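The exercises below are meant to be worked with the sequence and the three-dimensional view side by side. Each one sets a task and then goes through a solution in steps.

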Amino acid sequence: MSNYHTCTKVSLLKRPITNGRISLYLDFYPAIRNPETMQMTRREYLGIYIFAKPRNDFERDFNTQMMEKAEAIRCLRVTSLINEQFGFLDHTKMQGDFLAYFKKMCKNKDSKWDVVYKHFETFVQGHCTFKDVTVELCKKFREYLLDAKNLRLDHLKLSQNSAAGYYSTFRSLLKIAYRDKYLRENINDYLDKIETKEVKREYLTFEELKQLAATPCKFDVLKRASLFSCLTGLRISDIMALEWEHIQMAPDGGMCISKIIKKTDSDSKNLPISDETLNICGERSTGFIFKGLKRSMTNIPLKEWIAEAGIKKNISFHCFRHTYATLQIASGTDIYTVSKMLVHKNVSTTQIYADMVSSKKRETVDKISLK
């Protein structure tokens, strides 16, 4: 252990202050260096006070209890110094604005992080320091999500799967904050995740997709973006952020998408697209490809278009991603290729779509025969 980290003695000392009180503090000898600020220090005031001249049994008992607490902290400091753990020195970090840190982390993440931030900001009523982030607070936020309303449609309650996804995102933030040493313990060790419920994933059959493509939509940009999703598997957030500079020539001579996929932070370089898909984008220009596309279009306007196409299923925009995956697998594309095209981190995620294609399951029955 290096000399400036060595603490040969930690003493509990007293200092008289006003109103007949005594302040308790720790004295480090030799002085220790705060690794964050690089400042040397010998004292740590505990914020614990006792009566200078106790007048009755109550005050004497109070002094005894406070001295015991102070002695317990002294022992913890000795252990921390032996292990070269100096987190207790950085009081300013613990007073830092956790909400500001959360908002900063949202900048390079997908839109779900922004939604979780807004829920947490509401939950803590706009104020939260790192010191406030305790196991108890995080457990209460879990309860809040399970009973929270949808931010955009406040007459609807969050689904359990949405709550589960939001809490998982929040726990990812806690992990990052612990890694960055803003939190002194890994709070996730004491938290239970929110379990998801299995839901039916809707998708369009090939015939339904052709039917939809032949049906006019009052928002042309919505129609083009929807069909683009069906042909590429991209999410709404990535389609809205897609610019012409992201469409580039691939080494094989065809066209491809080259950009960062927000949800997974994965580089989708050389994600090939067909000529038909490129035609949906329209005439090449600059800036966003699907100019004027708004999330609000994916609610009532999308449902009206689906209904006009004679499709009875409950189709959301995300179902177009399901459509891409299931139609690819049903047409014989191997699951590993589909996984790469969807920019999944794990093939197990793509496996869900394979299980949805019952027609492929039936085909496998007849592939092995003893006749």
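**Exercise 1. The strands and their partners**

Task: find which residue stands opposite Val 10 in β2, and then work out the order of the strands in the open sheet.

Solution. Val 10 stands opposite Phe 28 in β2, where strands are DSSP runs of E with at least two residues, helices are DSSP runs of H or I with at least four residues, and both are numbered from the N terminus. This is a predicted model, in which local features need pLDDT of at least 70 and side-chain atom pairs count only at pLDDT 80 or more, while totals for chains, interfaces and linings use all residues. Residues are numbered from 1 along each chain as its sequence is written, and side-chain values use heavy atoms, with hydrogens and water left out.

Next, take the strands pair by pair, remembering that two strands pair if DSSP finds at least two bridges between them. Strand β1 (residues 9-16) runs antiparallel to strand β2 (residues 21-33), and eight bridges join them. The hairpin of β1 and β2 has four residues between the strands, and there Asn 19 takes a positive phi near 60°. On to strand β3 (residues 40-51), which pairs with β2 over nine bridges, again in the antiparallel sense. Within this pairing, Arg 33 has Met 40 of β3 as its bridge partner, and Asp 27 stands opposite Arg 43 in β3.

Put together, these pairings belong to an open sheet of three strands in the order β1-β2-β3. Its edge strands are β1 and β3, each of which pairs on one side only, and the twist averages 25° from one strand to the next. Finally, α1 lies across β1, β2 and β3 and runs at about 160° to β3, the angle being taken on a scale from 0 to 180 degrees between N-to-C directions of axes, which are lines fitted to C-alpha atoms, for helices over the stretch in contact.

**Exercise 2. Helix α6 and its packing**

Task: determine which helices the buried residues of α6 pack against.

Solution. Helix α6 (residues 160-179) has 20 residues and reaches 29 Å from its first C-alpha to its last, close to the 28 Å expected at 1.5 Å a residue, that expectation being 1.5 Å times one less than the number of residues. Its buried residues include Tyr 166, Tyr 167, Phe 170, Leu 173 and Ile 176. The buried residues of α6 pack against α3 (98-106), α4 (111-123) and α5 (135-147), contact meaning heavy atoms within 4.5 Å. After the helix comes Lys 181, whose phi is positive, near 65°.

**Exercise 3. A loop residue**

Task: is Phe 290 buried or exposed, and which residues does Phe 290 touch?

Solution. Phe 290 sits in the loop between α10 (275-281) and α11 (300-308), and Phe 290 is buried, with a relative accessible area of 3%. Leaving aside residues up to four places away in sequence, Phe 290 touches Val 221, Arg 224, Ala 225, Phe 228, Ile 239, Leu 242 and Cys 281. Of these, Ala 225 is 65 residues from Phe 290 in sequence, yet their C-alpha atoms are 6.8 Å apart in space.

Key
Buried < 20%, exposed > 50% of the residue type's maximum accessible area, 1.4 Å probe, protein only.
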